[in-house]
Amino acid sequence: MARARRATRLTGLLASVLLLVGAAVACGSSSDDDAGSPGGSGSSASSGAFPVTLTHKYGSTTIKSEPKRIVTVGLTDQDAVLALGKVPVGTTEWLGGYKGAVGPWATGKLGSSPAPTVLKDTGTGPQVEKIAALKPDLILALYAGLTKSQYQNLSKFAPVVAQPKQYNDYGIPWQQQTEEIGKALGKPDEAKHLVKGVQDKFAEAKKAHPDFAGKTAVMATPYQGVFVFGSQDPRSRLLADLGFSLPKDLDKLIGDQFGANISKERYDLLDQDVAVWIAPDTTSSVTKLHKNPLYGDLKVAKQGREVFVKETSDYGNAVSLSTVLSIPYVLDRLVPQLGAAVDGKPSTKVEQPTS
């Protein structure tokens, strides 16, 4: 199930991924008000921002005052917190290999603060006792799949903002994630400004590549055959935000999940103008796919209209996170690959960047 959770939800339990142990900073080692420590105040919240009430899948949560000790249970929520000038006291590991569960696109936001304590979810839910030991005054679980009982247990220790009810679990768009966290931290205007900055980058990419408009694209991974990501998955949203259309039957096949394995009879879903593959590697995985006639004989493969992204690279991890901080990092790398793939000329294909 370890690879399944990374390859499907890519929730970071890949057996080969390095697990961080002992990277935690002891709880309470410095003042809660110290901007140079995890949970430090950073820039102040907007005047009159509190109390604030946020709605979610399990009702609503009121945050009475500016939080100073934030724990992120949502697997990508830390990026929005960091972007808004706060350093969590605890983060939840997904991808592995990063100190504090903070990727290279976000480490600059730590400033002089030590890395957050890294929590783990091995499939049984949040580590409630370890979260409680961090003495949080806010728990964020927006990019998450909390059950009602997990939400109730965590709510005994601090206000919990769970995933929104209008999306599948792990389906919150990065824009809403950023803005909801902005409200929770008392920085709603700053959050909107951050969102606009990233949206402007998408607009620039679309302007530079009008050839993306009207083209179809699919995001997939070669897990247990082929697994495709649906329209509510952040990875697929990257393609939609760049002007591509997703396969029309995609969500009908997937249902209310973020993605699903497809049968051999439905490999036609892969025959789009572009297929983006998040693969274990960009050599043997490609060879294996192309040797399978069900895929190799499709036009998307024959015409080289493919993009391959190494799953465990920084680039691949950034694609999976798709946050307000990781997306600019992704666009610098993904857009040139898409531009080379969409023309259907194998000779123009761009290999994955090395960093």
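Reply: A salt bridge here is a side-chain nitrogen of Lys or Arg within 4 Å of a carboxyl oxygen of Asp or Glu. This is a predicted model, where local features need pLDDT of at least 70, side-chain atom pairs count only at pLDDT 80 or more, and totals for chains, interfaces and linings use all residues. Residues are numbered from 1 along each chain as its sequence is written, and side-chain values use heavy atoms, leaving out hydrogens and water.

The structure has 8 salt bridges. One of them joins the side chains of Lys120 and Glu93, at 3.1 Å from N to O. Those two come from distant parts of the chain, 27 residues apart: Lys120 sits in the loop between strand E5 (117-119) and helix H3 (128-133), while Glu93 is in the loop between strand E4 (90-92) and E5. (Helices, H or I with at least four residues, and strands, E with at least two, are DSSP runs numbered from the N terminus.)

Now the helices. The axes (lines fitted to C-alpha atoms over the stretch in contact, with angles from 0 to 180 degrees between N-to-C directions) of H6 (residues 188-208) and H13 (residues 326-341) come within 10 Å and cross at roughly 10°. So H6 is roughly parallel to H13 (angles under 35 degrees count as that).

On the H6 side, Val198, Lys201, Phe202 and Ala205 make the contact (heavy atoms within 4.5 Å), and they meet Ile327, Pro328, Leu331 and Val335 of H13. By class, that's 7 nonpolar residues, no polar ones and 1 charged. (Nonpolar means Ala, Val, Leu, Ile, Met, Phe, Trp, Tyr, Cys and Pro; charged means Asp, Glu, Lys and Arg; the others, Gly among them, are polar.)

Definitions and conventions: Angles under 35 degrees count as roughly parallel, over 145 as roughly antiparallel, 65 to 115 as roughly perpendicular and the rest as oblique.
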